[in-house]
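Reader: I am new to reading protein models. Could you walk me through this one?

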Amino acid sequence: MTRIAGREKVMSFLNYLISGLSLGSVYAIIALGYTMVYGIAKMLNFAHGDVIMVGGFAVYMSMNALGLNPILAVIVSIIVCTVLGIVIEKVAYKPLRKATPLAVLITAIGVSYFLQNLALLIFGSDAKLFTSVVNIKAISLANGQITITGETIVTIVVCIIIMVVLSLFIKKTKAGQAMLAVSEDKEAAELMGINVNKTISLTFAIGSGLAGIAGALLCSAYPTLTPYTGSMPGIKAFVAAVFGGIGSIPGALIGGLLLGVIENLSKAYISSQMADAIVFSVLIIVLLVKPTGLLGKKISEKV
Amino acid sequence: MKKILSIVLTVAMTAAMLVGCGSTEQAGSDVFKIGGIGPITGGAAVYGNAVKNGAQIAVDEINEAGGINGVQIEYQFEDDEHDAEKAVNAYNTLSDWGMQLLLGTVTSAPCVAVAEKTYADSVYQLTPSGSSVDCVKNDNAFQVCFTDPNQGAASADYIAQNNVGSKIAVIYDSSDVYSSGIYEKFAAEADAVGLEIVAAEAFTADNKTDFTTQLTKAKQAEADLVFLPIYYAEATLILSQANTLGYAPTFFGCDGLDGILAVENFDVSLAEGVMLLTPFAADAKDDATVNFVTKYEEKFGETPNQFAADAYDGVYIIKAAIEKAGVTPDMSASEMCDLMKKAMTEITVDGITGEGMTWEATGEVNKGPKAVVIKNGVYTAM
């Protein structure tokens, strides 16, 4: 009897863990975009969550209105988001290249509201039920006591692939090296003949392209789509990026997964109402102990 | 660029002036001006549209039959997107239009905000479906639907009397006044009638997409009934996530679940067997219901839900109160309000959401609850 009860407890723990990983993988994929832009352009793109929402609508429209297959729909979403990212960067952020970081931050918040309200005008605020882009059956383990959905598997795999490809891109390609140089010292990079403006634009294009993928996966895992879909996950993913060490690509993955797991386990074992409060308390504690986040590099402030 | 801007501004100002003229011409005192407020876009749009349409049918019927004491009704509906701030804006728009009586608002949180305004302006307010106690805390506001505590208690009683379930899990929205209000009363009543609540799980407005943890906890606690005192948008996610988990208890909800079958893209087979407490069943065979359902289907192409019925009754309740109070359209809104308040406690209305409805001075309605179950994709009386 006690053995069975013990086994059940283990099973339920595993279930909570898996749904935590599933939530965390979505945070991670969004956090990758945040951390990449911050790491290189040194700005917090608070509109990132809303670019994800646009990605979600791009997939929704291509699948439901144009009848495209899921893979094509995700490609459309990547293209739409990349173009959107470039446009936002050109119109809203580029003129502020020499302005204070605070001005850019406020502009980003403005862009975020702009995108939300634009989507509200075009699509209305009715929640739309999203058809998943993932067509893989859920895996059932231990006689059906544990289920892992196809969306979870795909999100984690995609997350790892993106992380590896991004790391390789930054280490091995010329454009990647330029990004690294810009992130270390803009002026010095410019003196060395690197086109700083172009490099930052490229960073935005890549970050927004990632948002296109994130939008498709976020809405597949949690299938409702509204103009506000991106805002809360966007904030949580920002927390995940800071948690993992903002600017660090593996940090985003680890931060996202941990955040999802902590959130879900506190929902399960402490209080479903207090989950968010606990998540943010953990963040505060981590930052008190290790201000740069889990994998953040310590950079000595130049005077 | 400047030229374009000035042209746009000129056009806008001219338009505004024309609109102004229009409304002053219409603002005669020969009609009853009834306003409506509710979400006709947004997450709770199904309710707002149902109320708007249901009231329209009643208004048309009354006007065709010669109006109230020979006076026609004019009816205007404004959108609030289930948002308190937008609801107050909608109220202001209606006041500018010359509204004398308010049938609204549709959902609880905006209703509480608007109730403050109607109380300050002394305007009679009848909410078809705002079920929070706070909606009617002022003496000028009345309800057509049950209050949340009543829904919670009635649900627990119904479950116990009909043996629908014994081990109960609750998933509710702790950030929403409607949901937590029902939950608290349900928990108290469940205790009194011997139901065991094995899991009470909350979520908040910021955290309402992933319910797998709450459902897993309910499953682990071996709950055979999950009580959902929430709105249908989250319920669709809960039903599909429960299905993924292979968890199939009885789901039981209140009027917030009404509308779940109308959600775009939702697989209605997931809602099969879901029970909900609602005072209206579209398949009832009495003449009044059949008349309403037929007209609604003809005009709007869908089966009316409880909200449409509440609004339909609401218009007739206003009519009964006007006749009782002897209100005439040349009175000011606050004169009307004083007379209507008194008349509300004296009238008895037979409607499609309940027979012999009466009102307390507190604004709460007295009528008996009914439950329906979703069978083959339609609401069926039990």
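This is a predicted model: local features need pLDDT of at least 70, side-chain atom pairs count only at pLDDT 80 or more; totals for chains, interfaces and linings use all residues.

Reader: In what order do the 5 strands of the open sheet in chain B run?

Author: The order is β2-β1-β3-β4-β5 in chain B, with parallel pairing. Strands (E, at least two residues) and helices (H or I, at least four) are DSSP runs, numbered from the N terminus, and two strands pair if DSSP finds at least two bridges between them.

Reader: Which are the edge strands?

Author: They are β2 (72-79) and β5 (141-143) of chain B, each of which pairs on one side only. From one strand to the next, the twist averages 20 degrees.

Reader: What packs on that sheet?

Author: Helix α2 (residues 45-64) of chain B does, touching β1 (31-38), β2 and β3 of chain B, and its direction makes about 170 degrees with that of β2(B). Helix α10 (residues 306-325) of chain B lies across β1, β3 and β4 of chain B, at about 160 degrees to β3(B). Axes are lines fitted to C-alpha atoms, for helices over the stretch in contact, and angles run from 0 to 180 degrees between N-to-C directions. Residues are in contact if their C-beta atoms, placed from the backbone, lie within 7 Å.

Reader: What about the domains of chain B?

Author: The domain assignment, which is automatic or from a database, gives domain 1 (27-146 + 287-366) and domain 2 (149-278) of chain B. Their C-alpha centres lie 29 Å apart. In chain B, 17 residues of domain 1 are in contact with 14 residues of domain 2.

Reader: How many residues does each chain give to the contact between chains A and B?

Author: Chain A gives 26 residues and chain B gives 30. On the side of chain A that touches chain B, the largest share, 5 residues, comes from α1(A).

Reader: New topic: how many residues has helix α5 of chain A?

Author: Helix α5 (residues 150-172) of chain A has 23 residues. Helix α5 of chain A reaches 32 Å from its first C-alpha to its last, close to the 33 Å expected, where the expected span is 1.5 Å times one less than the number of residues.

Notes
Residues are numbered from 1 along each chain as its sequence is written. Chains are lettered from A and ligands numbered from 1 in the order in which they are written. Two residues are in contact if their C-beta atoms, placed from the backbone, lie within 7 Å.
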